Amino acid sequence: MLETLAKQFKNKLPFVAYRKPNAILTKAILQHDDSLHTVSDFTESGFVFAPFDNTKKAILLPFDEILEEEIHTKQFSEINNVLRDPSAEAHKKYVQLVQKSVDTIQHSEIEKIVLSRKEEISAVKDHFELFEQLLHNYPTAYVYLWYHPKVGMWAGATPETLVHVQGSTLKTMSLAGTRKLQEHVVVSWDQKEIEEQQIVTDYIVDQLKTITTNLNVTEAETHQAGSLFHLCSIISGRMISTINIGDIIKTLHPTPAICGFPTEAAKSFILSEEGYDRKFYTGYLGELNERVETARNRNRKNQENSAYKAVRTNSELYVNLRCMELTHNKRILYIGGGITKDSNPESEWQETLAKSQIMKRVL
Ligand SMILES: C=C(O[C@@H]1C=C(C(=O)O)C=C[C@H]1O)C(=O)O
């Protein structure tokens, strides 16, 4: 598969390759021309790649050609320890921005702001080697490599589901709070992280309660993502009949896990203060309205007969975190974290350093 993707890239044709969490097979979608398709009403079918800013268009790669294969990976080299830390200037700027966010939260209606920064590193490995290393190191993440000649190339290993929809069944996730893996230390959570994650859960439940039935929320549990831990609850339900995946995306994105709360106030703080364009970082990606045939009644004798088959559409979308943009000579890493009234600027900086290691170890 990797050779086919390399050929597609050489011919400047769009593709995406991805492996779902804990899956064996990697899937690839190859587009046969270089047109730039965008989503208009979410009834389209294809692989969606959407930016953080929901006023901007989401890109769609149609399912022109689908490949599926187990990629046997190996660790190429030792973990990359030679990368320099970000500059003192980057540190100072981020700490100041966190302080400004804490001050804003303490003096306004805003409860949470998710701040982020980017870090540029010279490219060493080839794009496909890097993808292989992501696959090798992060079996429980959604690992992807995405390319469009008119947009660029992105790769990531995200722990966060935006939403999965199978027919009318819906499943989403509330993920927040971060701890670094430490040997022989059992993770424990402070009030700050518990509240931070509860803001996300409450928001999702509130957004979904009028458009779903049978809503169920699990207790927050510790969820491991590479060398990090997060607090996570699963929220599931059934969409009412007048609702489609587009309505669900519009109600959920951007969630307080990657934007803040209340959404509009947090978003305008981010757009005016963060000082750079997040592009597709904290956007979402995945299969949109994939048609899946299912046998309607397993007891029927004639299962071949199409009358006994039902077609439903599935969508499986993930939040674009632990990701980077790949240019011919650079890897641009995007990293962030949630700020609340109790955030400590230096700890928030350390959190972004820990998160950046997820990408740095495969560079
Ligand atoms: C924003 C990021 O992660 C999000 C923020 C988290 C936090 O604030 O603790 C945890 C998981 C994600 O929902 C990121 O990884 O860049």
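This is a predicted model: local features need pLDDT of at least 70, side-chain atom pairs count only at pLDDT 80 or more; totals for chains, interfaces and linings use all residues.
**View 1. A pair of strands, β7 and β15, up close.**

**View 2. Nine strands line up in an open sheet.** Follow the order β6-β2-β1-β8-β9-β18-β19-β7-β15, with antiparallel pairing along the way. Strands like these pair through backbone hydrogen bonds. At the edges you'll find β6 (65-70) and β15 (260-261); each has a single partner strand, so one side of each has no neighbour in the sheet. Helix α1, covering residues 2-10, packs on this sheet and touches β1 (15-19), β2 (25-30), β6 and β8 (142-148). The direction of α1 makes about 150° with that of β1.

**View 3. The ligand sits among 17 residues.** Coming nearest are T178, A257, G336, G337 and G338. Three strands, β7 (112-122), β11 (169-180) and β19 (330-339), each give at least two residues to this shell. Sort the shell by class and you get seven nonpolar, seven polar and three charged residues.

**View 4. Zooming out to the protein chain, with its seven helices and 19 strands.** Its radius of gyration is 21 Å, close to the 21 Å the globule rule gives for 363 residues, so the chain is as compact as a globular protein of that length. The C-alpha atoms fill a box of roughly 65 × 50 × 45 Å along the principal axes. Of the 363 residues, 40% count as buried.

Methods:
Residues are numbered from 1 along each chain as its sequence is written. A residue is near a molecule or strand if its C-beta atom, placed from the backbone, lies within 6 Å of it. Helices (H or I, at least four residues) and strands (E, at least two) are DSSP runs, numbered from the N terminus. Ala, Val, Leu, Ile, Met, Phe, Trp, Tyr, Cys and Pro count as nonpolar, Asp, Glu, Lys and Arg as charged, and the others, Gly among them, as polar. The radius of gyration is taken over C-alpha atoms; the globule rule is 2.2 Å times the number of residues to the power 0.38. A residue is buried if 20 or more other C-beta atoms lie within 10 Å of its own, exposed if 12 or fewer, and partly exposed in between; C-beta atoms are placed from the backbone. Two strands pair if DSSP finds at least two bridges between them. Two residues are in contact if their C-beta atoms, placed from the backbone, lie within 7 Å. Axes are lines fitted to C-alpha atoms, for helices over the stretch in contact, and angles run from 0 to 180 degrees between N-to-C directions.
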